Structure formats: structure tokens, C-alpha cells
Amino acid sequence: MIVRTFAVARYLTADLSRSQRFLLPLLVHGAVLAVLFGGDPGPPPGPWAVSALVVYPTAAWLAVVVANTEAPEQRAVTIASAGGPARVTAATLLVAFAGGLVLAALSVLVPVVVSRYPYPPPVLLAGALAHVACAATGTALGLLVARPVVRRIGWSVCIGVAVVMATAVQPWLPPAGSAVEALVSGRLPIAQAALGVGLAVVAGVVSWAREIRTA
Amino acid sequence: MGVRLAGVRKSYRRRGEVLAGIDLELAPARPAVVVGGNGTGKSTLLRIAAGAGAPTAGSVTGRPGVVGFLPGRVPASSRMPARAYLRHMAAVHGTRQDAGDLLDELGFSGDLDAPVARLSTGNVQKILLAQALGCGAGLLVLDEPWSGLDAPAMAALDRLLAAAAATTALLVADHTGRAAALPGAAVFRLAHGVLAAEAAAPPEVRHTVVELWCPGDPAEVLRGLPGVRASWLGAGSLTVRVPADRGDGLLAAALARGCSVLGVRRDGARP
């Protein structure tokens, strides 16, 4: 099970790396980080509140790219070859979440490297957890608005943007909103990070169920 | 070992019920061939048998862990070089087999390091056949495997499938008639969502076409000739078509009536 799931993940990564579609969310994210941390961002964790909220949509975008990278006919071959949709969905989730974690790691580490403020370990941990929570939430959202759940990319964009606009700015709303809220108020967003990862897994299950029903 | 489809149904929201209760048993040495018009659900049935789709109702049991699947529509979007694609697909199948020999046998003539999307239709088909046939699968599901192939590759595929079918369960959708010629093949027609066993093709009846010159009324002459299936009246000649095994009798009768034989030739067409 595991070996062939990772084989699918490697295949999807190789396919994705040739598609260049992953570049756009990466560049947008990098541009935001450059603006955010380019001048004087101020002491942590303040600026991270913004970068964590940016990871949410860019991780979602990346997840849509990962889930849509194969043409539907090609996906049928991959599913049959992998012995069913479970491995393919799991691999899609793994690759999408790994991509989200890369964006999160960039967001956490860039200010540590470039800014002159001290980053004590507890603050660093809180920042990392908040970014993981937001990246995982983004992965979950991306999987829910991509194939096989939403087949038209136009709808993917509309629904994805609407959900991000509605949920990102609610400080009480777990996991993304409340993770940022916990970060700026000095608490560790452990529960939010766990919830985010849980949501991503649930989104994977939804995607798998949808793949079975509509294939 | 055998793969069993029991009461398989598939409905789509827009198309309605495509498969309305399919029972099918797939086992080595008993290749199953599905024929049917366009849009009758052959590809849907094959996807479900291969595990790329799930039935709305019913079940597929006994599917082995490794399935070789060839889709009906050739995906043209892969940016991956053919060689890398085959390597990745072998890993996804859980095998390390090299498909190079298969490609040679099929007469692959493209560049293995070029993206799959840039290969010709026939070469893409050969790549996809290689990934399906070269994975040591316990079940092969092939949707129109001969499509897009040149004549030598078609003949090579005949040999490969005949060899594979002896040890592997095989389900083929095919309209060329080549799959029906596989040893032990059972042909099913898919119509209105159900499968019906198709009677074996009628044995080909060979005909002999005889051109005669006969004195007297042609209609009168025709009545005296045995076994005539068709006749044409030309300028100064009467052409008749008889089953090959009745050719001698016809010639004897014609000569006895005073006719001259202008020509005799073989006609391979079916009645």
C-alpha cells in the first residue's frame, strides 16, 4: 500500500514539475513575502499574521494545481494502475500538503533570515504551527474545489476565492482565523494545526469518495 | 482465480443508466470481448472492471492487485518523456519490469526521451500498451487496443494478446474483429446496458463466380442450373454465383445444356 502510494506521489511530483503550473502560486506567494518582509516588518509575531493568512489561499491554489495536473483520461490509467483511487487520492493529498508546507516554511524562515529582530524558539514554534494550520486548511480547501469534486476550473476559482474571503478574516473561526489570532495573542496554535491537518485528511476522503462515485 | 462482475450497474446524472446489470466472469484462457455501438457504455464497463471507476450498484470481486489498463481515449497531455512515464507507471504498478522489449515488438518508432504529448497517435498507443501489458498484471483491460496502430503493430499485438490471454484474465472492447479471433474468446454485445453473448461468427462461405454463354432464354437456362445464389445478365453472357462446393455440379449442368464456360473465378465475400 505505502510503497505504491509513494510511487504515485513521485509520479505526480514529476508530472507537476514539468507543467510549470505550480510556478504561479509559488511566485505570488514569494512576491507577498518580499513585500511583507522586504522593508522593516516589525518584531515577530506581527508580520507572520499576514503571511500565515496568505499561505491559506496560495496553498489552496497549489492543491488545485496538484489535483488537476493529470487529464481525466490519464487519471483513469493512474487509478487502475495503482489498484484503485485510494492510493491516488492519498498521493494527491501528500503532494499538495507537501507543497503547502514548502510555502509555510518559506514564510516562517524568510523573516528569520532577513530581518534584524530576534526570533526566540517559542515564537518560532508558534509561527510554524500557525503557518502549518493555514497551509493545511488551504490544502483542504484546494482539494475540495478541484477535480474530482469540482471539475471546472472557473468554478474552482470562484468558490475558492469566496471561501477564503469569508473565512480568513474571522479571528474566532478555526483553524485559519483562530490560528492567526492565537499567534498574535502569544498562544501556541497546536489545536488549530492539528485541526487543519485533520481537515486536509477529511478533504482527501471527500475527494476519494467523489472519485469513486463519478468515475 | 477469476474476476467476477455481478449485477454491475452504472448511472450518470446526465446520461441516465448506462449499465443495467452486467454479469461477467473474467478468467485466464477465456478472454472476454465486448462489442457494441458508440456510446453504449463499453468504456464505462471497462473502467469499472479495471477499477478506475466504481459501479453505482453491484460488485466486482476477485480483482488482482496489479491491473493493466488501456483507456479508450488517448490522453494527449502528458509532458513527461515516454521513458520516465513508463518507469513511473511500472513503480505505480509495483513492478520493476522493463517495457523496452514490448516497445520493440510493437515497432515503437518515436523518441523515448520526447514528451508523450509530442509522439504520434500510434506511438502514444504503443506506450500505453507497453505500460498495460508490461506490468505483469493479473487482469488486463484494454479499450480498443488496435486503434491507431499500423499493420505490423496490429499483427504483433495479436501475438502478444494471444500469449497474454493464456495466463491472464483479459477484457477487451474491440470493433476490428481481431479480439474475437483470440483463442478461447467469448464475444458479448453490449446494448441498452446489458450484455448478450454473441453467437460465433458464421463460417465464411466461399463462392465461385462462373461466367457462361448459353443458347436460348436465360431465364429458362437459370432454372436448370443448380445452386445459383445470384445471377447477372450481361451482353452475350450470363454470370452466376454459387457456393464453392457446388461449382462442379453447376459446370456439369451448364455444359450439359450446351453452354460455354467463359470464365471461372473465386469470390471470397460472405453471402
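Predicted model: local features only at pLDDT ≥ 70, side-chain atom pairs only at ≥ 80, totals over all residues.
Gln20(A) is exposed, with a relative accessible area of 56% (buried means under 20% relative accessible area, exposed over 50% and partly exposed in between, with a 1.4 Å probe and protein chains only). The residue sits in the loop between helix 1 (2-19) and helix 2 (23-38) of chain A, where helices (H or I, at least four residues) and strands (E, at least two) are DSSP runs numbered from the N terminus.

Residues are numbered from 1 along each chain as its sequence is written, chains are lettered from A and ligands numbered from 1 in the order in which they are written, and side-chain values use heavy atoms, with hydrogens and water left out.

Chain B has a residue with a positive phi as well: Ala29(B), not a glycine, has phi near 70°. Ala29(B) lies in the loop between strand 2 (16-26) and strand 3 (32-35) of chain B, and at 41% relative accessibility it counts as partly exposed.

Back in chain A, two cis peptide bonds turn up in loops. One joins Arg147(A) and Pro148(A), with omega about 0°; Pro148(A) belongs to the loop between helix 6 (121-144) and helix 7 (153-167). Another runs from Pro174(A) to Pro175(A), with omega near -5°, and Pro175(A) is in the loop between helix 7 and helix 8 (176-184).

Ser51(A), in helix 3 (residues 46-67) of chain A, is buried, at a relative accessible area of 0%. Its side chain makes a polar contact of 2.7 Å with that of His131(A) (a pair of N or O atoms within 3.5 Å; within protein, one must be able to donate a hydrogen and the other to accept it, and residues adjacent in sequence count only if both atoms are side-chain atoms). Leaving aside neighbours within four places in sequence, Ser51(A) is in contact (heavy atoms within 4.5 Å) with His29(A), Leu33(A), Leu36(A), Phe37(A), Ser107(A) and His131(A).

As for sheets, 6 strands of chain B form an open one, ordered 5-6-7-3-8-9 with mixed pairing; two strands pair if DSSP finds at least two bridges between them. Strand 5 (67-70) and strand 9 (194-197) are the edge strands, each pairing on one side only. Strand 5 runs parallel to strand 6 (residues 139-143), joined by 4 bridges, and Gly68(B) stands opposite Leu140(B) in strand 6.
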